[in-house]
Amino acid sequence: MAALGSGGTRWRRAWLPALQLLRRGSKAVTRHWKAAHFQRQKLLALTEYLPPRPGLSPQCHPQPAPRAPREEGYARVLRAQLQDTLRASRMVAVCQYNSMAEEDLATLRHFLRRHGIHLKFVLNEVARPVLAQSKLRALLPLLLCRNVLLVSPEPRAREMLRLLKGVPQLVLLGACIDDTILSRQGVENFARLPSLEVSRGQTVAALSLLCSQTSSLLQRGPARLTALLDQHLRRLREAAATEPPPGQ
């Protein structure tokens, strides 16, 4: 029996589970709400802060004047420079700018500068107030994204369109040429017009033609009358020369 008992004990030890789950009891909740002591409540009521009541309603006080937003010095300098540039330019074109390589941008600047056209990068926050107070206020709807300005003291629309044709990153939106707002199609039509010297020559030729036609019309009657009188006088002379003398 001792051997059997010892064998049974060894069997029980060998088959005990490695993980044993022990059930623990739940913790008691001790933080229940409890009313404060009567003396403590009186002390809290006496020491409670009461803000002073205003003598007048806040609506009766005069409202402070709104302060104008203070303009930064750098933005003021940029606006002054843009005003001077627009004042000295007869052609101002607005283009949409898409990202392009620095080398291509430098090359485009060089070719534009050869024709007297300058490329200006401006912020919409700087350009909008300047355009709103100038004759170019009709160009404000075009300043919606990243834009550049092509300015020139002379109307160089033909050269500008020829250069922009090979640069798809710059899209022409509109322009102001000689105080006239033009769309893209209007700029293209303006570029097809002859130069100012040729137009002046054609105008002078047309006016001269009208004057010469009027002069010829006014001189046609007297000239015909003179021709008829000369012919009549010639006939009279011929008749007098062929007529025999009175004695014969």
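Trainee: Why does R87 count as exposed in this predicted model?

Mentor: The relative accessibility of R87 is 61%.

Trainee: What makes D84 partly exposed?

Mentor: D84 has a relative accessible area of 45%. Buried requires under 20% and exposed over 50%, with partly exposed in between, and therefore D84 is partly exposed.

Trainee: Why is the contact between D84 and R87 called a salt bridge?

Mentor: The closest N and O atoms of D84 and R87 are 3.0 Å apart. The cut-off is within 4 Å, so the pair qualifies. D84 and R87 are three residues apart in helix α3 (residues 73-87), which means that about one helical turn separates them.

Trainee: Which residues are linked with R90 in a network of salt bridges?

Mentor: E154 and D178 are linked with R90 in that network.

Trainee: How do you know that R184 and E188 form a salt bridge?

Mentor: The closest N and O atoms of R184 and E188 are 3.6 Å apart. As the definition asks for within 4 Å, the pair therefore counts. Both residues lie in helix α7 (residues 184-192), four residues apart, about one turn of the helix. By the salt-bridge rule, the count comes to five.

Trainee: Why is E188 called partly exposed?

Mentor: E188 has 21% relative accessibility. Buried means under 20%, so E188 does not count as buried and is partly exposed.

Trainee: How many aromatic pairs does a search of the whole structure find?

Mentor: The search finds one aromatic pair. Y97 and F121 form this pair, with 5.0 Å centre to centre and 85° between the planes.

Trainee: What makes the pair of Y97 and F121 edge-to-face?

Mentor: The centres must lie within 6.5 Å, and planes over 60 degrees apart count as edge-to-face; at 5.0 Å and 85°, the pair is therefore edge-to-face. Y97 lies in strand β1 and F121 in strand β2 (residues 118-121), so the pair ties together parts that are 24 residues apart in sequence.

Trainee: Is Y97 buried or exposed?

Mentor: Y97 has 10% relative accessibility, under the 20% limit, and therefore counts as buried. F121, with a relative accessible area of 36%, is partly exposed.

Conventions:
Residues are numbered from 1 along each chain as its sequence is written. This is a predicted model: local features need pLDDT of at least 70, side-chain atom pairs count only at pLDDT 80 or more; totals for chains, interfaces and linings use all residues. Side-chain values use heavy atoms; hydrogens and water are left out. A salt bridge is a side-chain nitrogen of Lys or Arg within 4 Å of a carboxyl oxygen of Asp or Glu. Helices (H or I, at least four residues) and strands (E, at least two) are DSSP runs, numbered from the N terminus. Buried means under 20% relative accessible area, exposed over 50%, partly exposed in between (1.4 Å probe, protein chains only). Rings of Phe, Tyr and Trp (its six-membered ring) pair if their centres lie within 6.5 Å; planes under 30 degrees apart count as stacked, over 60 as edge-to-face and the rest as tilted.
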